[in-house]
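I wanted overall dimensions before any detail.

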Amino acid sequence: MDMLSRFTSPFDAFARSAARSPDRPFLAAPASAALPYAPHGFSLPYGDVAATVATLTTAYTEAGYGRGARVALMLGNRPEFFLHWLALNALGAAIVPLNADLRPDELAFQLTLAGTQTLIAATDHIARLRAAALPCRVIEHGAKLPAHQGEISGQSPRQSDECALLFTSGSTGKPKGCLLSNRYFLQVAAWFHGQGGIAALSGGPEINLTPLPMFHMNALGCSAVGMMAIGGTIVPLDRFHAGTWWDSVADSGATMVHCLGVIPAILLRLPPHEAEQRHVARFAFAPSVDVGHRAQFESRFRLPIVDAWAMTETGGAAATTTAREPAGYPARCIGRPAEGMEYKIVDDTSVPITDGRPGELLVRAAGPDPRAGFFSGYLNDAAATAAAWEGGWFHTGDYVRAEPDGLLYFFDRKKSIVRRSGENIAVLEVETVLHRLPEVEATAVTPVADELRGEEVFAFIIRSADAPPPDAALAARIMRACAADLAYHKLPGHVAFVASLPLSATRKLARGDIKALAAQAVRDGTAFDLRELKVKVRQGLLF
């Protein structure tokens, strides 16, 4: 199926599937998923969802929304999210999916940058959002839509129109807004469909279960648009729950599941459960799984794992997959490049590397337009967009190496980020918040390896002159203070107090040395482990 020639937008893909198979479930979840907003589960057919979307589209039309408007959504993975997304997409308007774990300052930054006037939120978020005095109107799902104030250029979608604005952390302190078009999402879905191998489509009804959030391109593009395009079913869990995972997978009839490296690691720690052998899933799309965990997972659960690489900026235009590789592919292997993806690996002077040594991965689309299918740019940041595309290639900031057989292997990151449970966390953002605290004279944040999360946030801290003694109580106090301004996943999971920080010849932080020292501090036990406190922050037990 040539998705780019058949469909104009995600809504177009959905509408055609609804017309073809109105009785097939579009959104579903079993009762065993124990979703707080659907304790008895649900099954919503394409036809019924299409009728609801049509009504909502009329309401948005009458309120003046269309191309050029952005609406923020804090609806999690609930069915309401898809209703609003499809209604807005039908008019050429864009969505800004938001992470409900963000603190008020983080939300205000994203909403201000997006320039959105309206935020549609689930009932349980309304009081908190309105108390935060955000720079937009906060509307509960189901309430009357406020009129859009501003110009629009039409009320129908085109492939080139903005579909969603997603935020991604890079090497700078604040997240960047990635402008993603309808074409971008169609190409992500086309890549997902075209992986082949163990990820090949069966030809029958497909059911895609994902606990990943709809504010990430994986869930929006692969799971959501991927199923819309073929009339498949999306099982959108609110998040990963270890205790109900296998019941959810088995009872939903999922033919494929999506997860991250942390999920197999957690599942392997659980005692045997009858549902883990009752499922009918053919593969798990699970990037960044530890090679040892992968072997155990595939053996125990009869579920082969597909690893992959992509970025929010590259989408399906530049991605890799291991779907066609034999079982037991080596550690850190990210597979083979997508069809139509050109790449080169270069050293720090931009000279191509051809002898298998690691270097920075540069990518582009083959053909006359090297940016075809990529993100449309960083919102209000033409300089950063131009820098990312220097020389006509997109600079990924990831170091990889290539083997003679064509397989690519991830080596390290050039950018100063922590990749924790699939979330990119800019170390400068964490450092900025730490620097504001009266107890902190100087700080350096770096990633350290974590068995479950892939990486965890580590902070070296030089105390201010009047700070309390460098003990566990001070480390916890600092972490709790950060929680007022940072979402829980960005908080330091390890803290070590030091008298000085390693600097380069130019008096900048020596990031490589700092990373090595952090790993040593974790091994030696000289850092304070705050990971359990992070869990309590997420659960709201420290406030």
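Overall form came up before anything else. With 543 residues, a compact globule would have a radius of gyration near 24 Å, and the protein chain has 23 Å, so the two agree. I kept in mind that this is a predicted model. I then looked up the extents: the C-alpha trace spans about 65 × 55 × 55 Å along its principal axes.

Next, secondary structure. I noted 16 helices and 27 strands in the protein chain.

Then I turned to contacts. I took those between residues at least 6 apart in sequence; of these, 69% join residues at least 24 apart.

How much of the chain is buried? I found that buried residues make up 56% of the 543.

I went on to the largest nonpolar core, which has 125 residues. Which members touch the most others? They are Phe26, Tyr60 and Trp85. Helix 8, residues 217-228, gives the most to this core, with eight residues.

Leaving aside residues up to four places away in sequence, Trp85 touches Pro10, Leu73, Ile95, Cys163, Leu220, Ala224, Val225 and Met228.

I also logged a second, separate core of 25 residues. Val418, Val427, Val430 and Ala475 are among its members.

Last, the surface and the charges. The accessible surface of the protein chain comes to about 21,600 Å², and 54% of that belongs to carbon and sulfur atoms. I counted 51 positive and 54 negative charges. Their mean positions are 1 Å apart.

Terms used: Residues numbered from 1 in each chain as written. Predicted model: local features only at pLDDT ≥ 70, side-chain atom pairs only at ≥ 80, totals over all residues. Heavy atoms only, no water. Core = buried A, V, L, I, M, F, W, Y, C linked by side-chain atoms within 4.5 Å. Buried < 20%, exposed > 50% of the residue type's maximum accessible area, 1.4 Å probe, protein only. Helix = DSSP H or I, 4+ residues; strand = E, 2+ residues; numbered from the N terminus. Contact = heavy atoms within 4.5 Å. Rg over C-alpha atoms; globule rule 2.2 N^0.38 Å. Areas by Shrake-Rupley, 256 points an atom, 1.4 Å probe, with all protein chains shown as cover. Lys, Arg positive; Asp, Glu negative; His and termini not counted. Charge placed at Lys NZ, Arg CZ, Asp CG, Glu CD.
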